[in-house]
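Student: Hey, could we go through this protein together? I'd like to begin with charged side chains that pair up.

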Amino acid sequence: GKGICQARRTSHDKHMEGVRELEEMDGCGTASKEDEEGVVAKNDVESLEGGRISRVEDGAPPRQRNRTWKDVWGEQEVMLPHFVGLLAMSGLIYASLFLIFGAPMLPGGEGFALGVLYATALVFGWVVSLTTMPDLIGMLVAGLLLRNLPGKPIDGLKSSWSSVLRDVALAIILLRGGIGLDLRQLKRLGVSVVVLTLCPQLVEAVTAAGLSVALFGLDWLWGLLGGFILGAVSPAVILPLMLHLQGQGYGKKKGVPTMLLSAAGLDDAVAITLIGVILGAIFQAGSIASKIIQGPIEVFVGVLSGVALGFLSKPLVHAKKRHRIAIVPLVSISIFLLARHFKYSGAGALFCMSYGAFYAFFCPVDTCVAEVDGFVKVLWNHYQPLLFSLVGAALDFSRVSGSDVGTSVVIILVAAVARFGTAFISVFYSGLTAAERLFVAIAWLPKATVQAVMGPLPLDQAEQYGDEEEEGFGLKILTLAVMAIFITAPIGAIGIKLSAPRLLEKEITGDTDSMAEEAKELENVHTNGLGP
């Protein structure tokens, strides 16, 4: 009633007073629409919400109502045409491949199995993306279901195909992480990045190894193998969110997103290197000393070759756009696969990260870097469904006991607590506040990419050697890797989205009235290939 009318009159008087000031300053009788909007933005905003006046002072974000399922579905309507387009394109590609290859594209063939897996992963990923969980969970479920459905619709898929496709996916996501690095910030945060890379992973790996020995009955080498597979953080979850936070200014002043991006890539490189060394110690002949020396050699070769090729790629700025955006990812994928062939997986991972970072650093034109980054993002968006559905398809329920699943959950939760505490302590001397250190610990929880790529490897190797006991060990590690994705990926992704606006300082680059909109946008960011 009366109070609302009085509030409206007060707001109108302030608005008109501001317009008159503009007219006097401009020396003309009218004020532009943009000027009037500026006056409204400058003055206090008064809005009617449910019969009450909600007052917002200068510089404060407007009050937001809670999002409903109608809001979520409205956002997905924008995605729906994109999703339908992807399915249509997949169908046309399948039809073309059938006309070219024939029998392998029929039911029971390798091509058919791959096509069904990819299409199903797209559908399941899109459904899960309607929630707050990462769509990679849906892709993982798609692979699990197709592997364990009666009739085994994807039995025609060869394990060698799966291994190569997983390697390509890892090379793509590591390259994208390297391109997103800010090397100047990394130089300032160097010690913090190294500590954050090594300490949480080592603590989690040793904790998981000890529990695996005690609860799974593994020996210590197999326990450490499972521990380092579990201990690697996921670029697939962290990378999109950190790049978005960096673009919005959250934590940018102290370089929190850059520190996490850098440490995530190095964390994976360290884990992959150690996994390769332990796999070699278990399955390959040779002295222990040579296998230990291999680790430092991989670090040196991977980083040095990445820096060199990053510098040599400077002339690509003069190449045509379609050549430039294709050459950089092709170089990364080729070198990574070559390194895997010669048993130097860690060097390949470090090369992809350092090549992306130094290509962006040496490239004199920012637009060229953005174009390559955009193309790599598109590659990852289309490749991600294949990666996570393949790791789901590697797990056959008929070979897994319920006790192994329960034991895996216990190991994952205990190791995650150890990792969380270690991550919080690791950045104690980095100049971050307690709230920012808490955010780092939350962001350091999700697992997905390395678990998807490396989780099936011990079982693959054991099956090649035909040792039943080691096949059992490999199956337990695969179960551990799959359950780690199911548990930590959604917890980490949701935790990052909810905690970032509350725990990180925002670097103001524009009108403060847009802060609420940006916070809402962060909540809607999907760590996926189908989201915005």
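Tutor: The side chains of Asp-267 and Arg-419 form a salt bridge, 3.7 Å from N to O. A salt bridge here is a side-chain nitrogen of Lys or Arg within 4 Å of a carboxyl oxygen of Asp or Glu. Keep in mind that this is a predicted model, where local features need pLDDT of at least 70 and side-chain atom pairs count only at pLDDT 80 or more, while totals for chains, interfaces and linings use all residues. Residues are numbered from 1 along each chain as its sequence is written, and side-chain values use heavy atoms, with hydrogens and water left out.

Student: Which helices do Asp-267 and Arg-419 lie in?

Tutor: Asp-267 is in helix H11 and Arg-419 in helix H16, so the pair ties together parts that are 152 residues apart in sequence. Helices (H or I, at least four residues) and strands (E, at least two) are DSSP runs, numbered from the N terminus.

Student: Are Asp-267 and Arg-419 buried or exposed?

Tutor: Asp-267 and Arg-419 are both buried. Buried means under 20% relative accessible area, exposed means over 50%, and partly exposed is in between (1.4 Å probe, protein chains only).

Student: How many salt bridges does the structure hold?

Tutor: There are 9. Another one joins Arg-324 and Glu-371, with the closest N and O atoms 2.5 Å apart. Arg-324 sits in helix H13 (residues 321-341) and Glu-371 in helix H15 (residues 366-393), so this pair ties together parts 47 residues apart in sequence. Arg-324 counts as buried because its relative accessibility is 5%, whereas Glu-371 is partly exposed because its relative accessible area is 22%.

Student: What about Asp-404 and Lys-476?

Tutor: Their side chains meet in a salt bridge too, at 3.2 Å from N to O. That pair links distant parts of the chain, with Asp-404 in helix H16 and Lys-476 in helix H20, 72 residues apart. Both Asp-404 and Lys-476 are buried.

Student: Okay, switching to the greasy side. Which residues touch the most other members of the largest nonpolar core?

Tutor: Met-242 and Phe-439, in a core of 128 residues. A nonpolar core is a set of buried Ala, Val, Leu, Ile, Met, Phe, Trp, Tyr and Cys residues joined through side-chain atoms within 4.5 Å. Helix H20 (residues 468-503) gives the largest share of this core, 16 residues. The core also draws at least three residues from each of domain 1 (77-157) and domain 2 (159-508), with the bounds coming from an automatic or database domain assignment.

Student: What is Phe-439 in contact with?

Tutor: Leaving aside neighbours within four places in sequence, the contacts of Phe-439 include Met-242, Leu-245, Ile-496 and Leu-503. Contact means heavy atoms within 4.5 Å.

Student: How many residues of helix H17 are buried?

Tutor: 7 of its 10 residues, so to speak mostly covered; H17 spans residues 434-443. Phe-439 is one of the buried ones, and so are Glu-436 and Arg-437. The buried residues of H17 pack against helices H8 (190-216), H10 (235-248), H11 (256-283), H16 (402-426) and H20.

Student: Now the outside. Which residues form a nonpolar patch on the surface?

Tutor: Met-89, Ile-93, Leu-97, Ile-100 and Phe-101, with about 480 Å² of accessible area together. Patches are made of residues with over 30% relative accessible area and no salt bridge: like charges are joined within 9 Å, nonpolar side chains (Val, Leu, Ile, Met, Phe, Trp, Tyr) within 5 Å. Areas come from the Shrake-Rupley method with a 1.4 Å probe, and for residues only the protein chains shown count as cover. Ile-93 is in helix H3 (residues 69-101) and is partly exposed, at 44% relative accessible area.

Student: Last one: how many helices and strands are in the chain?

Tutor: The chain has 21 helices and 2 strands, and 51% of its 532 residues count as buried.
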